Amino acid sequence: MRKNGSLLKFVRTRIELKPLLVACANGSSELLTNVASSVVSMLYNVQLMKFYGENGVSAYGVIMYVQLIFLALAIGYTMGSAPIVGYNYGAKNSAELKNIFVKSLIILSAGGVVLSGLAQALAIPLAKLFVGYDNDLYELTVHAFRLFSFAFIFSGFTIYSSGFFTALNNGVVSAILSLTRSLAFQTVFVFLLPVLFGVDGIWWAMFATEAGATVVAVIFFCVYRKKYNYF
């Protein structure tokens, strides 16, 4: 604070709005994901009350809690690797960017299969932990979670795809991927699949959503591969 010869000193500064707006736009996909999840939850509840009544809503609530535990691994990996992706892209280190991208897809794809299998194996103890007091609700929760858990096969890939484009400072693509996964596909499938496949279609809606979002992500990865040179 006193007059000195150091390179570090207090100086006057000004508010720079452009970098703040760019950062907000780039992170918009995460905002949209959280907003969309609330809307989709309400839509699920409407359908579940229609087909299952209160037990359906209760089972869905349990699945949502447990789902967060499984998805936390993919979310944590995506957030942890994002600075590495952004750094190597900014440094134009294409070789390392390719290395991270390929290894991440392998890890998350294999992890998705493992998580889905683990969810199948843990369906009974987890359901018993939450709703073991009611046999009908317990059986519904086990059945629903086993169908729902197939979505974990693709979840890691779809979560990573949105986070990857955020790390590349492409908020538009990230937001599109996030919205198709968290809002558009779920809204369509939660109403369409019960009509086509009966009540179990509600629990398959998330699997169909993740599968559809995976296709969209692959398309964007192919379209932007020359621009970002990640494979």
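## Overall fold

The chain is built from nine helices and zero strands. Keep in mind as you browse that this is a predicted model. Read from the N terminus, the order of elements is simply α-α-α-α-α-α-α-α-α. Along the principal axes, the C-alpha atoms occupy a box of roughly 75 × 40 × 30 Å.

How much of the chain is buried? Of its 231 residues, 41% count as buried. The accessible surface amounts to about 12900 Å², and carbon and sulfur atoms account for 70% of that area. If you look at contacts between residues at least 6 apart in sequence, 76% of them join residues at least 24 apart.

Which residues of α2 are buried? They are S29, A36, V40, Y44, Q47 and L48. An α-helix has 3.6 residues a turn, so residues three or four places apart point the same way.

These buried residues of α2 pack against several other helices: α1 (17-26), α3 (54-90), α6, α7 and α8 (200-223). After α2 comes G53, with a positive phi near 80 degrees.

## Helix α7 and its kink

Helix α7 spans residues 171-197, which makes 27 residues. From its first C-alpha to its last it reaches 36 Å, close to the 39 Å expected at 1.5 Å a residue. Where is the kink in α7 centred? It sits on T180, with a bend of about 45 degrees. Following α7 is G198, where phi is again positive, near 85 degrees.

## Two asparagines with positive phi

If you check backbone torsions, two asparagines deserve a look. N169 has phi near 65 degrees, a positive value in a residue other than glycine. This residue is placed in the loop between α6 (152-167) and α7. Is N169 buried or partly exposed? With a relative accessible area of 48%, it is partly exposed.

N229 also has a positive phi in a residue other than glycine, here near 55 degrees. N229 belongs to the segment after α9 (225-228). Its relative accessibility is 29%, so N229 counts as partly exposed.

## Distances along and across the chain

S109 lies in helix α4 (residues 94-131), and its relative accessibility of 35% makes S109 partly exposed.

Y87 is exposed, because its relative accessible area is 62% and exposed means over 50%. Between Y87 and D134 there are 47 residues of sequence separation and 52 Å from C-alpha to C-alpha.

Methods:
Residues are numbered from 1 along each chain as its sequence is written. This is a predicted model: local features need pLDDT of at least 70, side-chain atom pairs count only at pLDDT 80 or more; totals for chains, interfaces and linings use all residues. Side-chain values use heavy atoms; hydrogens and water are left out. Helices (H or I, at least four residues) and strands (E, at least two) are DSSP runs, numbered from the N terminus. Buried means under 20% relative accessible area, exposed over 50%, partly exposed in between (1.4 Å probe, protein chains only). Contact means heavy atoms within 4.5 Å. Accessible areas come from the Shrake-Rupley method with a 1.4 Å probe; for residues, only the protein chains shown count as cover. The expected span of a helix is 1.5 Å times one less than its number of residues. The bend at a residue is the angle between axes fitted to the seven residues ending there and the seven starting there.
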